[in-house]
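This report describes a ligand site and several local features of one protein model. Please read it alongside the sequence and the coordinates.

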Amino acid sequence: MKIVTTIKEVREQVAQWRAEGLTVGLVPTMGYLHEGHQSLMQHSVHDNDRTVVSDFVNPTQFGPDEDYESYPRDIQHDAKKCDEAGADLIFLPSVEEMYPGGFCSFVDMNGLTKGLCGASRPIHFRGVCTVVTKLFNIVQPDRAYFGQKDAQQLSVIRRMATDLNQNLKIIGVPIVREEDGLAKSSRNTYLTPELRAEAPVLNRALQKGKAAIEAGETSSEIVRQIITDEINTAPNADIEYVEIVDWNNLEPTPSTEGSILAAVAVRFGTTRLIDNFIIERD
Ligand code: AMP
């Protein structure tokens, strides 16, 4: 496995693979890798001859009061995780490599990004769409892998790839969880032991909501209330949103009968955690 820091080196390596007739998968990450990221890599290794992991804390997707500076970084740890999962190349660019002086072009979207996380993070998806488009252009992969953990991001990227004729397949990968159900996240490391003990309430609450739907509940409002009440049993949980939306367009839906995304964002102290479940129906 190689680690490179320049766009030129990535292009040269990928060109060599292409000349050998090999397929390429891309796993975009912000590093501090865990088993969730490794699951994306394993899917890519399974589907493609070669796998590129990008490891870049992208400044344009963080708001001014967010955790860009404090976001955890550890390249030794990341290299080990990539190696274990069978990745072939880590792209570890500097901010200057990705955003040289004079940079002023962005990819943005009108739909899909206003609600859910977009409501409190107004520039987030513009930053995500821009960096992901740049990575697609740099690597030109056959497939790119995104976690369902960030369900709105997965939906946004799928839409962007379709709308802009980006010539690759977008693959969604299920959420990987800790043994107690908490969705794995680089941000879990911010939690104090007390808050970490409370955080599994998110998955418990979502499971309760899902069970209600499976038992026949069709009112989104009632399911939303079930999820909200359960989260509120945790003394330090500060709910940002509990939403049930149509999985096809991320618009709020009164009924749980179609394909739906149930998504939550909750603060524990200063740490903002997200989780969700999706029910897909024809
Ligand atoms: P991040 O490094 O947090 O930007 O995440 C990089 C990619 O890994 C995104 O596509 C995430 O959705 C995905 N990911 C992060 N955590 C998990 C998880 N627990 N399970 C599955 N995918 C995940």
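## Ligand shell

Helix H2 gives the largest share of the shell around the ligand, namely three residues. The model is a predicted one, in which local features need pLDDT of at least 70, side-chain atom pairs count only at pLDDT 80 or more, and totals for chains, interfaces and linings use all residues. Residues are numbered from 1 along each chain as its sequence is written, and side-chain values use heavy atoms, with hydrogens and water left out.

The ligand is surrounded by 17 residues, of which His37, Gly147, Asp150, Val176 and Lys184 are the closest. A residue is near a molecule if one of its heavy atoms lies within 4 Å of it. At least two shell residues come from each of strand S2 (24-29), helix H2 (35-47) and strand S5 (143-147). Helices (H or I, at least four residues) and strands (E, at least two) are DSSP runs numbered from the N terminus. By class, the shell holds eight nonpolar, six polar and three charged residues. Here Ala, Val, Leu, Ile, Met, Phe, Trp, Tyr, Cys and Pro count as nonpolar, Asp, Glu, Lys and Arg as charged, and the others, Gly among them, as polar.

| Residue and atom | Ligand atom | Distance |
|---|---|---|
| Met30, backbone N or O | oxygen | 2.9 Å |
| His37, side-chain N or O | oxygen | 2.9 Å |
| Val176, backbone N or O | nitrogen | 2.9 Å |

The ligand taken alone exposes 480 Å², and the protein buries 93% of that. These areas come from the Shrake-Rupley method with a 1.4 Å probe.

## Strand S2

S2 runs parallel to strand S3 (residues 50-55), and six bridges join them; two strands pair if DSSP finds at least two bridges between them. Within this pair, Pro28 stands opposite Ser54 in S3.

## Two buried side chains

Gln152 is found in helix H7 (residues 151-163) and is buried, with a relative accessible area of 6%. A polar atom of the Gln152 side chain lies 3.0 Å from the backbone nitrogen of Cys117. Beyond its neighbours within four places in sequence, Gln152 is in contact (heavy atoms within 4.5 Å) with residues including Leu112, Cys117, Phe125 and Leu250.

Ile244, in strand S7 (residues 237-246), is also buried, at 3% relative accessible area. Its C-alpha atom is separated by 6.2 Å from that of Ser220, 24 residues apart along the chain. Leaving aside neighbours within four places in sequence, the contacts of Ile244 include Ser220, Val223, Pro252 and Ile260.

## Positive phi values

Leu112 is a residue other than glycine with a positive phi, near 70°. Leu112 lies in the loop between helix H4 (95-98) and helix H5 (117-120) and counts as buried at 15% relative accessibility. Gln140 is not a glycine either, and its phi is positive at about 50°. Gln140 sits in the loop between helix H6 (124-139) and S5 and is exposed, with a relative accessible area of 52%.

Terms used. Buried < 20%, exposed > 50% of the residue type's maximum accessible area, 1.4 Å probe, protein only. Polar contact = N/O pair within 3.5 Å; in protein donor to acceptor, adjacent residues only side chain to side chain.
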